[in-house]
Amino acid sequence: MLLLKYLPTVREPRLYLGMERTYLSYIKFLFVAFGTGILSEKLTLLFSGIHLDRLVPFFRDLYLLLTWPSLLLLCLVFFRFVSDLRYVDGGVAVTAKEIQDPRIYLSAERTMLAWFRSGIGMIAFGFIIEKFDFFLDRLSYLLHTRVDMAHTFAGMDVVFVVLGMINLLLGGVGFGLTVHQIDLGAYTPHKILYLIYGGSLFVAIAVLSFMLLQVGA
């Protein structure tokens, strides 16, 4: 789907749930890439403080490579998800017997776990970003140098943690709704949840972009 291979499709629950898992993996990957870029910029402060200037350009380039492109790709990934969702919606409907299949329940469970993995991963990375300043401070103390910790993206950890918690909440709600629909023999994608998550995602992207601009100013 993401590779523009528009194959014949049906409105089958496993297809919708598989799409959720795929795009959640892309989103988690891009947030980890963005966080890695932030950590790279923090390392430039350390290397500047201990006069390892030859390493500064590499980590500064890594920061530029991983931050803004990741935010732009996050927008692209969500719009591709919406496009693929509309494409699958145009497929042939399946019968209630095909929906009430044990494999659908297992697929719903895997999707819930994908939401949880993404949420926990974002929360964990948020804590890593927050604690990295403390690590740099202690390391600079051991090296008998001073690292200027000003403008080190304070508050970005909160964005990661909040978005991770939203992932956990929506994953649980989505699983409950999916199981209820399967029990009734009818399934429709949870577009309200997608809308909530998309809004949360774009708010997070806007806040992170503002923070990047503030640091670069």
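A residue is called buried when its relative accessible area is under 20%, exposed when it is over 50%, and partly exposed in between, as computed with a 1.4 Å probe on protein chains only. The model is predicted, so local features need pLDDT of at least 70 and side-chain atom pairs count only at pLDDT 80 or more, while totals for chains, interfaces and linings use all residues. Residues are numbered from 1 along each chain as its sequence is written, and side-chain values use heavy atoms, with hydrogens and water left out.

Start by selecting Ser209, which lies in helix H7 (residues 191-216); helices here are DSSP runs of H or I with at least four residues, strands are runs of E with at least two, and both are numbered from the N terminus. Because its relative accessibility is 15%, Ser209 counts as buried. Leaving aside residues up to four places away in sequence, Ser209 touches Trp68 and Leu71, where contact means heavy atoms within 4.5 Å.

Next, select helix H2 (residues 56-66) together with helix H3 (residues 68-89), which pack at an angle of about 15° with their axes 3 Å apart. Axes are lines fitted to C-alpha atoms, for helices over the stretch in contact, and angles run from 0 to 180 degrees between N-to-C directions. H2 and H3 are therefore roughly parallel to each other, since angles under 35 degrees count as roughly parallel, over 145 as roughly antiparallel, 65 to 115 as roughly perpendicular and the rest as oblique. Leu64, Leu65 and Leu66 of H2 meet Trp68, Pro69 and Ser70 of H3 in this contact.

Among the residues making the contact are Tyr16, Tyr23 and Phe31 of H1, and Leu71, Val77 and Phe81 of H3.

Staying with helix H1 (residues 13-49), pick out Leu45, which is partly exposed because its relative accessible area is 25%. Leu45 and Phe59 are 14 residues apart in sequence, and their C-alpha atoms are 10.0 Å apart in space.

Finally, select helix H6 (residues 156-184), whose 29 residues should span 42 Å at 1.5 Å a residue, and whose end C-alpha atoms are 42 Å apart, which agrees; the expected span is 1.5 Å times one less than the number of residues. Gly185 follows H6 and has a positive phi, near 80°.
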